[in-house]
Amino acid sequence: MFERFTKDARAVVVGAVGHAERLEAETVEEQHILLALLDREASRGSFALASLGLAGRGESVERALAEARRRGGLSRADEDALSGLGIRLADIVSRVEEAHGEGALESESRTAGRGKGWWSGLVGGHRPFARGAKDLLTESLRVAVAQRDRHIGDEHLLLALTARPGVPAEVLADHGVTHASLRRVLYGEGEAKAG
C-alpha cells in the first residue's frame, strides 16, 4: 500500500513518528498523524486546512490533544456517556492525579501495536503504529479509491481522520474542520447548484 502514497503522504507518516518521539509516546497514534498534517505546507491537505481557517492554529490543536490525553484519551462523547451514568470524568481525573500525579491517565497505548508491518520499514521501526493509526492509514486508501484517485495523498489521510470517531476528529471539528467541510473544499461536494 505504501507505494501508493504521495511524497506529501509519506512526509506525514514520517512526521507522525517524529511527533510520537517528541511526545515520548511508545506508539504512533492518530493524534500524531494529525500533528504531522498540520506541519505540511504546499500540499492539498495543507491547502484545505488553510481554507478552513486552521493555518497557524497548531498550538491550539496541540493543547486540545494534550487535554484529551490528560483525561485518558476520552472524547467528549465518552465523557457525555459517563455523565449519563452519573460519572463526572473531571472528578475522576482530579482524584487520579491527586493520588498519582498530573497526567497519570495519559493514554498513549504504550504497549499496543508492537507488531511489524509495511509502515515499520518506512521509518526504521523507531515507533510501531498503534491499531487506530494503522486503521487510519488503511482508511485513507479506501478514501482515495472512493474518489477514484490512483494515489494516496495527505488530503486522503485528513479525510480519513475526520471520518473516524475519536479525539482527533473532535478536535478538528472544534476548530471548524469537519469531514463535510473538507469534502467541499477538496472536491466541491455539497455546494449549491445554480439552476
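By nonpolar core I mean a set of buried Ala, Val, Leu, Ile, Met, Phe, Trp, Tyr and Cys residues joined through side-chain atoms within 4.5 Å; buried is under 20% relative accessible area, exposed over 50%, partly exposed in between, with a 1.4 Å probe and protein chains only.

Quick caveats. This is a predicted model, where local features need pLDDT of at least 70 and side-chain atom pairs pLDDT 80 or more, while totals for chains, interfaces and linings use all residues. Numbering starts from 1 along each chain as its sequence is written, and side-chain values use heavy atoms, with hydrogens and water left out.

Overall, the protein chain has 11 helices and zero strands, taken as DSSP runs (H or I, at least four residues, for helices; E, at least two, for strands) numbered from the N terminus. Buried residues make up 40% of its 195 residues.

Now, α4. Its buried residues are Val-61, Leu-65, Ala-68 and Arg-69. Down the axis of α4 they fall within an arc of 100°, so they line one face of the helix; the arc is that of directions from the helix axis to the C-beta atoms. They pack against α2 and α10, contact being heavy atoms within 4.5 Å. The face turned away carries exposed Glu-59 and Arg-63. Just after α4, Gly-72 takes a positive phi of about 80°.
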